[in-house]
Every structure is written in C-alpha cells, then in structure tokens.
Amino acid sequence: MDFSKAPNSRKLQLCRTYFYAGFALLPFVWAINVCWCFEEAFRKPPFPEQSQIKRFVIYSAVGTLLWLVAIIAWIITFQTNRTSWGATADYMSFMIPLGSA
Amino acid sequence: MEKRVQAAAIWLLMLLHGAAVAQGERTRDKMYQSIVGAGCFRRLNGTHQTGCSSTHAGSVGVLHLIKVEADLEFLLASPPSPPYAPMIPPHLFTRQNLLRLIEAGPKNISVVLLINKPDSMKQFSHELNCPNQYSSLNNSETCDASNPATSWNPWGTGLLHEDFPFPIYYIADTEEITKLEKCFEKFNNFEYETHALRSLCAVEVKSFMSAAVSSEVCIRRTRFINNLSGSKYCDPLEGRNVYATVYPRNIKTDDSEVNDIITRERFILVSCRLDTASMFDGVGLGAMDSLVGLAILTQVANLLRQLLPPQSSLPDTKRNVLFVTFNGESYDYIGSQRFVYDVERFAFPKASARRAPITFDNIEFMLDIGTLDDIANIKLHALSGTPLAQKLLQQLNSYAQSPRYGFNLNIQSEMSYHIPPTSAQSFLRRDPRFPALILNAKPANKYYHSIYDDVENVAFTYANTSQDFTMLLDVSNTKGFRADSLQMKVRNVSSIVAMALFETLTGKEYTGSKVANPVLSDEFFYCFLLSADCPLFKAASYPGSPKGLPMPPMRYVSVLGGPQESSGWTYRVLGYLLSQQQPKIPKDNCTVLPLHYFAGFNGAGECRLTTQNYSSALSPAFLIDDYDWRSGNYSTWTESTWSLFSARIFLRPSSVHQITTLSVGIVVLILSFCLVYIISSRSEVLFEDLPASNAALPPPTAC
C-alpha cells in the first residue's frame with residue numbers, strides 16, 4: 001500500500017500497531033516503523049494525529065538503537081570469546097567454522 | 001547404398017575425432033599442471049590436533065629446491081617473494097629443520113614438499129621415541145624418551161605428533177619430481193634478488209581439514225543437534241581385529257547365560273599387531289614394524305594346526321589356542337583396549353558369533369609377538385619372572401639352540417617394567433598380574449612407522465616358487481632360500497614359537513623334523529608388500545572371486561567405511577590356514593559358516609571347517625557416554641574429514657604484475673560506469689527518433 005495516500009487516522013493506527021508489535025522482541029519492526037513513518041512525523045505539514053505519530057516514531061527509534069547497541073555488544077563479546085567458551089559456545093551456534101577452533 | 005556407407009564412415013570419423021579432441025578441462029584450469037602425490041592429514045586425540053591442513057582455498061608457495069641444509073637459510077632469512085614451498089629430500093626432513101620452517105610462519109613457508117630422493121637418507125622415523133607412551137604402563141622404566149638405550153624407537157623424531165601450519169605433500173614418483181625440478185630450474189633458480197619482480201613457478205596444495213582442536217571438540221560438533229549443515233568434522237579411527245582358534249569351539253545352542261560364562265575352556269592367547277602408521281595418506285607398508293610379527297603369527301598358526309593332535313587327545317581336552325591380530329594398535333592400542341573392554345563385559349566373541357564368551361579366567365597366558373627387527377636379539381619380556389615365563393623361555397631356547405634343527409638362536413629374557421609398546425600393555429594396564437609374555441627384539445628399525453618401512457627395509461626378494469606353501473617341510477629342506485633371507489628368519493622364529501607352544505599343549509617335547517615352510521613366508525610377504533593379486537590370497541578366497549588389486553593392501557587402521565583391506569585379507573588367510581578340510585562335504589552343502597569353501601592352493605576348491613571371525617576395533621572411548629577425554633584411559637584418536645587432496649604447479653605472476661592487473665580492472669570498471677552515464681544522459685542525441693521509454697506504453701483505459 002502507499003502509506004502517504006492512507007487517511008491520517010489509518011496512519012496513526014498503523015504506526016501504533018507497529019510500535020506495540022516491536023515489544024514482541026522484534027526490533028526490526030521498530031526500525032521499519034521509523035523509516036516508514038518518518039516522513040509523516042517530521043516532514044509533512046502538521047495534522048492532528050502527527051504529534052502522536054511523532055511520539056511513536058521517536059520511541060521506536062530509541063528502541064531500535066538500544067537493540068542495536070545490545071546486539072553489537074553481544075556479537076563482539078561472543079566472537080571474541082567463542083573459542084574460550086568451548087562447548088557452551090558451540091551449543092549456542094548454528095554454523096560452526098570448519099578447520100578452526 | 002554406397003552413399004549411405006560413405007555418410008556413415010564420415011560420421012564415425014567425426015565421432016572418433018571428436019572423442020580424441022574433446023576435453024572437459026575448464027579454461028581457467030589450463031594454466032595448471034597437476035602433481036601426483038600423497039598428503040599429510042590431520043589426526044586428533046583427546047587434547048591435541050596433529051598433522052597438517054592447507055588453507056580453505058589451497059596453500060600456494062613458490063618452489064624452492066633444498067639440496068643441502070644451507071639452502072634453507074635463503075628461505076628463513078627474509079626471502080624476496082614469500083610464501084615459499086621448499087622441496088625437501090628425506091635426509092633433510094629432520095625435526096630441527098621442520099621446527100625452523102614452522103617458526104618461519106605461514107607467511108614465509110606455506111607448503112612443504114617431501115620428494116622421494118632417499119640416496120643420502122640414514123634414518124626416517126617420525127614416531128615418538130616412546131610409541132604409545134601415554135597408554136602404556138605408567139612407569140618410568142617402561143620407556144625413557146631421553147635415553148636411547150631404553151627407548152623403543154631411538155630414531156624417532158616425534159613429527160607424527162606435531163601440528164603443522166602448512167600442508168606437507170609427499171611426491172614419490174620420479175617423473176613428478178623431475179617436473180617440479182624442471183619448473184624450478186627454468187623459472188626460479190637464478191637471480192634470486194629479482195624474484196619479487198618476475199613470474200615464479202609455484203605449487204598449490206589443497207588439503208583442507210574440517211576438524212580442529214581435539215577429538216572432544218570435533219566429535220561434539222559432529223554429534224551436535226544444531227548442526228544444520230550436517231557437516232561431519234571427524235571420524236574415530238576404527239577397524240576390525242581378526243581372531244581364530246586352532247580347534248573349533250562349540251556352537252552355543254541354548255541361551256542360558258550361566259552355562260555360557262562358566263566354560264572350562266583354557267586358551268593360550270597368541271597375538272600380534274595388524275596395522276601400521278605413517279604420515280601420508282595411503283603410503284606406508286610397515287614391513288618391519290608389524291608385518292614380520294603378523295607373518296610369524298600366520299606361520300605359527302599354520303604349524304600348530306598341522307602338528308597338533310586332535311583336541312580330544314590332548315592331556316587337557318579343554319585347551320585351545322586363540323590367535324588374535326589387533327588393529328589400530330599404532331594409535332594407543334585401539335584393538336587390544338577394545339578386546340580387554342569386551343572380555344571384561346563378557347562381550348567377546350560378539351553374540352552373533354554364537355560361541356560362549358571368553359573371560360580372563362579362560363586365558364591361560366598371552367604370548368604377544370612384538371616387533372622383531374633383529375632375530376638374533378630376541379628377548380622374552382614379562383613384568384616378573386614367574387615360573388610360567390621361566391618355563392616358556394626354557395622351552396623356546398631348547399628348540400632355538402637344538403642342534404637337531406640348527407636354528408642357532410638364543411632368546412634372552414628381561415623380567416622388568418621395561419616392556420615394549422605392544423598389545424600386552426593394554427592387558428597389563430588392567431591387571432599387572434596378567435600372565436603376558438612378549439617376544440620382542442632390540443629396536444633396530446630406523447624407519448619405524450614411516451613410508452620407507454618397505455620391501456627394501458626388510459630386504460625381501462620374491463622367489464616366486466609356485467610351490468605348495470601350506471605343507472610343512474623337513475628342516476633340511478630350505479627350498480633354496482639363503483639362511484639370512486627374510487623367509488628363513490621368519491621360518492626359524494615361527495618354528496621355535498610353534499614347537500614351544502606344542503610342548504606346552506601336549507606336555508611332550510616336539511621331536512618331529514617338520515618345520516615351517518619358507519615358501520609360505522615368501523608368498524605372505526609378496527601379498528602384503530608387493531601385490532594383493534597373489535597366490536596366497538587367491539587360495540584363501542572363494543574360487544573365482546575377484547582378484548586382489550595389483551598393489552599391496554593398505555594397513556593403516558583408517559575409519560568406518562575405510563578400505564579395511566588388511567583385516568579382510570588377514571581374515572581369509574587365517575581362516576584358510578586354521579581350518580580343517582572336510583573332503584566329504586560337497587560344495588553345495590558348504591555354504592553356512594563355520595563351513596566355508598576356499599579355492600585352495602591349486603584352485604580346485606575345498607570345503608573347510610573354519611574358526612576365524614572379526615571383532616570390533618573401535619576405542620571404548622567412543623562407546624562410553626560422557627567419557628572424560630582427558631582421562632587417558634582409552635585411545636581417543638580421530639581422523640579429520642577432508643574433501644580433496646590435490647597439488648598442481650603453475651606460474652605465479654609477480655606481485656607487481658598482480659597489482660597492475662587489478663588496477664587496470666578497477667580503472668576499466670570506473671570508465672565503463674562513466675561511459676554508460678554519458679551515453680544514457682545523451683540518449684536523445686543517439687536515439688533521436690525513438691520516443692522516451694516511459695512513453696512507449698499507452699496509459700490504461702478507464703473501464
């Protein structure tokens with residue numbers, strides 16, 4: 001669907017749904033929400049639902065950022081410690097490299 | 001009609017021509033020339049990885065021939081165009097040199113080629129000074145690696161147990177070596193300073209190994225439930241022990257276990273090692289290190305089968321001789337550890353053999369045939385000087401020194417913890433009081449566990465007598481073999497052992513003149529050292545069954561699904577020699593074991609009552625749940641999986657050349673983008689008459 005053509009109430013409803021859906025450990029939904037509603041929240045001329053959309057977009061952006069930081073921290077920790085964790089790290093992995101520790 | 005024939009002829013010609021010319025080779029592979037050889041691969045134990053692996057894409061190095069030790073200095077002191085691939089002859093393939101190459105790092109040394117030029121070679125053994133040290137008796141007296149006088153392999157370098165950061169490739173064929181040397185001379189062997197500026201002859205070796213770290217890690221990863229790709233990282237070393245008895249055992253009829261275990265059978269266990277080891281895949285015959293022992297065991301089996309009276313006329317009618325050849329002994333006694341493990345659990349023989357289990361109480365004593373490098377220096381080893389050991393020693397010597405037979409050997413004894421690395425160690429580790437006696441000679445094999453422990457190392461020449469090898473001969477009949485020939489040495493030792501066992505079993509001195517047949521040794525060594533397409537293997541097979549390959553059977557223990565050639569042939573040979581002919585049973589009724597139909601010496605076919613069977617040689621470490629891999633109780637050796645072994649040479653362009661090619665490519669790419677942009681922005685000029693692309697479609701009509 002073309003988001004910009006939807007009525008404003010529909011935009012708000014979608015933005016809200018995406019924001020709440022993100023709580024189901026789905027940071028990508030928040031990221032999509034930010035990209036999708038950014039135009040409506042900050043670039044479009046003011047309309048009644050805009051302030052609420054703006055709020056959801058900002059919250060989604062913060063959530064995405066937190067997730068990003070957490071995931072990067074985990075990846076760095078895991079990749080640097082994988083070999084020393086031994087069996088535990090293997091059980092966490094789906095793909096294990098061939099020919100190295 | 002004539003036209004048709006002509007057309008057919010032309011078609012045929014084209015087809016033939018096409019078949020001759022057509023090549024499936026890819027253009028990008030045409031710059032390479034392949035090199036035939038054998039690769040070193042990765043083996044792992046409970047704590048370490050050993051052996052070699054290439055990088056995933058294949059390791060590439062510039063060829064450099066090492067003729068003298070000083071040539072190595074060029075490679076080790078900041079060479080001009082690294083990485084290099086030294087071609088090393090065996091006499092320079094020493095521990096010291098290899099460790100220096102490892103130290104130089106994979107940036108300088110990426111491949112090592114071992115070339116088969118053994119002219120200056122004096123020794124070549126890469127086994128440890130104390131083979132199987134950590135699965136032997138835990139006693140400082142058993143083997144001291146630092147003292148050549150008491151170590152069991154004084155020439156060993158231990159390289160077999162090192163982990164190399166580069167692949168090692170062995171090139172046996174002289175033509176292939178010439179190919180490499182020519183390429184080196186033509187492109188590399190001049191003006192070393194300009195190496196970085198010109199194309200050099202390089203070798204690419206692919207031998208990437210999947211497993212890493214240790215058996216614990218690779219087995220865990222292989223068994224791993226999340227292993228989505230289904231990759232197998234390593235396989236346990238696994239083979240089959242072969243055993244047979246002199247007298248057939250009763251087939252179990254009822255299933256009552258109590259009766260099974262308490263049999264009053266008494267066995268003399270005669271054993272030896274079946275396998276050997278080397279650094280390179282598929283090469284290594286183990287002629288002196290274990291084949292001589294196997295030959296003696298085979299001869300003893302044949303002699304006893306023919307000399308002994310029926311079991312019912314022995315003084316003790318429950319006595320029998322159990323011959324076992326243990327597999328995987330080179331890797332921490334896999335076969336014998338499993339045998340001990342099975343016997344303890346009443347699981348030997350396995351249930352499908354339908355024979356009563358054998359327990360340690362049933363084993364009267366064990367006579368283990370170790371390595372017999374020099375038959376003039378054989379010793380009988382035991383932990384302590386028991387009356388049993390003294391008696392057997394006295395019996396052995398009475399035949400060895402008897403003027404009647406003229407063997408002129410003197411078997412010494414050593415009753416101490418200085419026990420050779422043979423299968424008996426597994427039994428003694430379980431119980432030091434186990435009556436194990438070991439025949440072993442002073443170590444004299446400078447090629448122990450190596451690719452050079454071959455026909456020449458045992459000085460074997462095939463006499464090809466085409467005579468009946470199953471018959472026993474009179475002691476004076478040497479069939480023309482020289483007294484110092486391998487065949488006669490084996491004949492003498494095996495006759496002595498068989499006579500001593502004969503005396504033990506019958507309680508009477510052996511007074512006959514019949515001894516082992518050197519022709520059997522001749523045929524045996526021919527089969528195992530030169531060609532499996534041989535009279536002995538043919539006689540021991542079913543008539544008309546496929547011939548053996550015209551090459552010696554592989555004697556490395558290998559993994560499940562491996563060739564298992566050596567145990568297969570040993571099974572047949574022991575089966576044939578230890579069976580009793582049943583002339584009354586016709587071929588059609590001779591189908592169900594223990595009856596088996598053999599081709600026999602003359603190929604006519606004969607039905608025989610056999611006793612041979614297999615038992616598993618897989619280390620108990622892989623059977624026990626949650627086995628502690630670091631405990632050292634059982635062998636933990638595994639072999640990494642790999643997808644291919646290959647080596648090929650090509651002209652590697654200089655780095656300047658490579659950088660130029662890459663830069664030109666990038667420039668062309670950028671230019672092409674610019675060009676496309678210019679053309680596209682000026683498309684109206686070029687394609688004046690055409691309407692714009694988005695105007696080509698008419699707008700949809702409203703309904």
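Here's a quick briefing on a model with chains A and B. It's a predicted model: local features need pLDDT of at least 70, side-chain atom pairs count only at pLDDT 80 or more, and totals for chains, interfaces and linings use all residues. Residues are numbered from 1 along each chain as its sequence is written, while chains are lettered from A and ligands numbered from 1 in the order in which they are written.

**Annotated spans**
- In chain A, an unreviewed UniProt entry puts "transmembrane region" on residues 17–36 and 56–76; UniProt positions use the numbering here, feature names are shortened, and annotations may be inferred rather than shown by experiment.
- Residues 17–36 of chain A are 75% helix and 0% strand, with end C-alpha atoms 13 Å apart; helices (H or I, at least four residues) and strands (E, at least two) are DSSP runs, numbered from the N terminus.
- Residues 56–76 of chain A come out at 100% helix and 0% strand, and their end C-alpha atoms lie 30 Å apart.
- For chain B, the unreviewed UniProt entry gives "domain: Nicastrin small lobe" for residues 40–211.
- That span of chain B is 18% helix and 18% strand, with 14 Å between its end C-alpha atoms.

**A sheet in chain B**
- Three strands of chain B make an open antiparallel sheet, ordered β20-β22-β21; strands pair if DSSP finds at least two bridges between them.
- β20 (580–581) and β21 (595–598) of chain B are the edge strands, each pairing on one side only.
- β20(B) and β22(B) (residues 606–609) run antiparallel, joined by two bridges, and Q580(B) has L609(B) as its bridge partner.

**Where the chains touch**
- Chain B puts 14 residues into the contact and chain A 10; contact means C-beta atoms, placed from the backbone, within 7 Å.
- On chain B's side, six residues are nonpolar, six polar and two charged; Ala, Val, Leu, Ile, Met, Phe, Trp, Tyr, Cys and Pro count as nonpolar, Asp, Glu, Lys and Arg as charged, and the others, Gly among them, as polar.

Technical notes:
Two residues are in contact if their C-beta atoms, placed from the backbone, lie within 7 Å.
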